[in-house]
Amino acid sequence: MSKKITVNPVLQAIMNEAPVEDADRQEYFIAIAKKEVERLKKEAGRDMTCCVNTFGCQMNARDSEKILGVLEMAGYVESQDEHADFVIYNTCTVRENACNRVYGRLGYLSTLKKKNDYMKIALCGCMMQEEHVRKKIHSSYPFVDLVFGTHNIYQFAELLVMALYSNYQVVEVIEGNEKIVEELPIVRKYAYKSGVNITFGCNNFCSYCIVPYVRGREKSREPKDILREIEKLAADGVVEVMLLGQNVNSYGKGLQDPITFAELLREVEKIDGIERIRFMTSHPKDLSDDLIDVMAKSKKICRHLHLPVQSGSSRILKIMNRHYDREHYLNLVKKIREKLPDVALTTDIIVGFPGETEEDFADTLSLVREVEYDSAFTFIYSKRTGTPAATMPDQVPEDVVKERFDRLLKVVQEISEKKAMVYEGTDVTVLVETVNEQNPALVTGRMSNNSIVHFPGNKELIGTLVSVHLDECKGFYYLGTQN
Ligand code: SAH
Ligand code: SF4
Ligand code: F3S
């Protein structure tokens, strides 16, 4: 470390005067950050820019909107480019390659920082909850100015001020998610759709998964807070909400007045202005008949269920600690298909879990053939330090896993292509999301079942529901015309 660590007396005074109560405290720090950013702007003779780069899942995407909310309130101007004055990576550690991407880019950020005296670099998100990562950042990447964890988002204004006034690496990581802080400023990425957290953390401890360790125990938000947030979003022009949780089906457990996920959905359905409701992720062990009923009766809940199976082998599912077996899963799919014949089913599958034999893998292939998923995310098992699976015997050799992975992908793709053809020639409702990047004469949107549709149109259509005739299926998307 080349820099001398000194605690800035100005920062000391700022900290001493900070209010204790959360909301007042963060407001106080936003005001201070604003003044400092204003000063930096004058000094540099230009705007101060910020860039938030998000890795991982929808939880992180939502957290990034909160981070950007604070940065914009402080006076930063958003830039998509990492040649910015405040660059923050919101990291994911679910698989090793997600971490390697972050380490890989840090070297590049350091070269940018050498050319820009104003530049601050921050790292947050799931990787930062791991001690070995923080040690590595401290020793190998000392140019990083700020490190904080998944439970510190609500303190971001304070952390930003600390980073702006310090010349050393500020590290703040809370280990457990004791509280839920409501009403943070948020800058939504899209005007017409938004994620809404309903639970935080996870209690399931699937034996391969790091999420419960980095996101803490499962906690549900109060229904009134969720509904108020969605009402506000609707008033603000949002037509589609995505309810977010690692296992939305266990929503409501542990609240003072327990409520089920199905009951919550009934309430969300009543909110005027909301046209589409999606949710992620459903754990098969907790998916209730009531939920299937609510979906069947609903006009707003999208015809899409993401139902991660992970493996088709009951033996492996047991060691994965998933709390269901192949038979339970297939029965569930049968029930869903009976009541929701037009639902798109998607899944996550892990290949090469420790001890997976050719026979276990054959069970996964046969389950995929039986269910006929509309699409599936397939992952090569990644060893995560601290999880039970990391120390299990019989880790499967890389070449065997790769070969199985390729076989699975082929089957998944064949089925997806076949399933996608089904709607060719029909009329469907599409929520328009963007102007097509390749061809500006087209707009791109999604059907209720999440399929992508391109059709001629202009940006005025963004955020509206449009009736479209699907002329042609192109494998993973449709080309259509507005009716
Ligand atoms: N809570 C969600 C999943 C969150 S993680 C659920 O339970 O469905 C998203 C996906 O990453 C998981 O479904 C799993 O398929 C995959 N995954 C998690 N840990 C993994 C690991 N160690 N190696 C490979 N894939 C993993
Ligand atoms: Fe991970 Fe399992 Fe929790 Fe999903 S349910 S986040 S896979 S531990
Ligand atoms: Fe990754 Fe954290 Fe999500 S580990 S998948 S960003 S909860």
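In the predicted model described here, an oxygen atom of ligand 1 is placed 2.6 Å from an N or O atom in the side chain of D348, a polar contact in the sense of a pair of N or O atoms within 3.5 Å (within protein, one of the two must be able to donate a hydrogen and the other to accept it, and residues adjacent in sequence count only if both atoms are side-chain atoms). Because the model is predicted, local features need pLDDT of at least 70 and side-chain atom pairs count only at pLDDT 80 or more, whereas totals for chains, interfaces and linings use all residues. Residues are numbered from 1 along each chain as its sequence is written, chains are lettered from A and ligands numbered from 1 in the order in which they are written, and side-chain values use heavy atoms, with hydrogens and water left out.

A nitrogen atom of the ligand is 2.8 Å from an N or O atom in the side chain of Q246, and an oxygen atom of ligand 1 is 2.9 Å from an N or O atom in that of R95. In total, 15 residues surround ligand 1, the closest being R95, Q246, Q310, D348 and S382, where a residue is taken as near a molecule or strand if one of its heavy atoms lies within 4 Å of it. By class this shell comprises seven nonpolar, four polar and four charged residues, with Ala, Val, Leu, Ile, Met, Phe, Trp, Tyr, Cys and Pro counted as nonpolar, Asp, Glu, Lys and Arg as charged, and the others, Gly among them, as polar. At least two residues of the shell come from each of the strands β13 (344-351) and β14 (375-380), helices (H or I, at least four residues) and strands (E, at least two) being DSSP runs numbered from the N terminus.

Among the helix pairs, the axes of α9 (residues 261-269) and α10 (residues 289-297) come within 8 Å and cross at roughly 20°, the axes being lines fitted to C-alpha atoms over the stretch in contact and the angles running from 0 to 180 degrees between N-to-C directions. The two helices are therefore roughly parallel to each other, since angles under 35 degrees count as roughly parallel, over 145 as roughly antiparallel, 65 to 115 as roughly perpendicular and the rest as oblique. The crossing of α9 and α10 is left-handed, that is, the near helix is turned anticlockwise from the far one by less than a right angle, with clockwise giving a right-handed crossing. The axes of α10 and α12 come within 10 Å and cross at roughly 25°, in a right-handed crossing.

Backbone geometry is noted at two loops. A cis peptide bond, with omega about 0°, joins M280 and T281, and T281 is found in the loop between β11 (276-280) and α10. H323, a residue other than glycine, has a positive phi near 65° and lies in the loop between α11 (314-319) and α12 (326-339).
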